[in-house]
Amino acid sequence: MQKITILIHCKDQKSIIASVTNYIASIEGNIIYLDQHVDADENVFFMRLECELESEKWPIDAIKADFETNLALPFDMDWKIYPQQQKPRMALFVSKYDHCLYDILGRYSAGELPLEIPVIISNHEDLRKVAEQFAIPFYCVPFTKEIKAIGEKGQLELLAQYNIDFIVLARYMQIITPKLIEKYQNNIINIHHSFLPAFPGAKPYHSAFKRGVKIIGATSHYVTEGLDEGPIIEQDIARVTHSHSIEDFIMKGRDLERMVLARAIKLHAERKTMVYNNKTVVFL
């Protein structure tokens with residue numbers, strides 16, 4: 001028995017759901033999850049479906065070819081079919097902050113994330129020992145404005161070597177190059193505090209503290225060439241008061257970053273996100 005996940009988006013039109021479910025029935029599939037959404041403003045239909053199949057009778061390549069002919073072309077669909085047993089391969093990009101890295105690797109070791117982490121890439125040596133604790137290959141690829149092209153080449157070679165499907169910036173403190181963004185479109189996930197654009201700079205928590213903010217937050221999104229302007233996957237907030245110190249702000253902020261990034265990674269790895277017009281549809 002094999003399980004597959006199907007993601008679809010296309011112009012909203014009659015009989016899409018009926019056609020897809022009838023097709024699954026025709027290949028003797030059992031639908032175990034189905035959710036759909038229509039963006040009325042854009043007239044776009046989105047659907048996520050999970051089903052079980054007898055793998056011997058219906059190999060995945062045959063299903064894809066059949067689906068393309070019988071459904072995707074008639075409805076002009078953008079679509080993807082994923083075997084659920086095929087876990088996506090994730091690369092971690094890090095710099096010197098370790099709170100998100102430890103959280104991700106802890107969840108990964110506990111079996112909470114349905115993915116593989118074959119490599120960790122950094123622009124510093126500081127976190128090599130963390131990677132060694134979890135027996136994951138670690139590569140230091142220096143990346144500065146002066147050697148950006150060399151750094152980009154090294155990153156791309158490692159990503160190809162380890163057959164990476166998507167990238168997570170676990171507090172990686174460099175701007176990702178356009179070439180890398182193009183190659184991994186909607187497959188690079190970032191995390192940052194939600195004080196932007198009000199409190200930019202190196203010490204946003206200090207600025208927010210001085211202003212007396214009452215809410216702090218974190219945002220995880222896909223990376224685009226517009227800095228911190230990509231489609232949002234997950235967000236969360238925590239309330240603060242006059243009794244909290246700057247250290248409290250930073251601690252709460254890092255807690256939020258850990259939780260929000262972990263949720264975004266899990267949603268992406270489970271193929272529950274779809275991107276359209278710089279927004280996401282997230283199926284829960």
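A charge sits over a ring if NZ of Lys or CZ of Arg is within 6 Å of the ring centre and within 35 degrees of the ring normal. I keep this at hand for the entries on arginine below.

**Entry 1: charges over rings.** I am working on a predicted model. I looked up Arg48 and found its charged end over the ring of Tyr33, 5.0 Å from the ring centre. I then looked up Arg171, which lies over the face of Tyr97 at 5.0 Å from the centre of that ring.

**Entry 2: ring pairs.** I turned to rings that pair with rings. A pair of aromatic rings is described by the distance of the centres and the angle of the planes. With centres within 6.5 Å as the cut-off, I get eight aromatic pairs. For Phe46 and Tyr276 the centres are 5.8 Å apart and the planes stand at 75°, so I noted this pair as edge-to-face. Phe46 belongs to strand E3 (residues 44-53) and Tyr276 to strand E12 (residues 273-276), so the pair ties together parts that are 230 residues apart in sequence. I checked accessibility as well: Phe46 is buried at 2% relative accessible area, while Tyr276 is partly exposed at 24%.

**Entry 3: a tilted pair.** Next I looked at Phe67 and Trp79, whose ring centres are 5.0 Å apart with 45° between the planes, a tilted pair. Phe67 is in helix H2 (residues 60-75) and Trp79 in strand E4 (residues 78-83), twelve residues apart. Phe67 counts as buried, with 0% relative accessibility; Trp79 is partly exposed, with 21%.

**Entry 4: a cluster.** Which residues form one aromatic cluster? I wrote down Tyr23, Phe67 and Trp79.

Conventions. Residues numbered from 1 in each chain as written. Predicted model: local features only at pLDDT ≥ 70, side-chain atom pairs only at ≥ 80, totals over all residues. Heavy atoms only, no water. Phe/Tyr/Trp six-rings, centres within 6.5 Å; stacked < 30°, edge-to-face > 60°. Helix = DSSP H or I, 4+ residues; strand = E, 2+ residues; numbered from the N terminus. Buried < 20%, exposed > 50% of the residue type's maximum accessible area, 1.4 Å probe, protein only.
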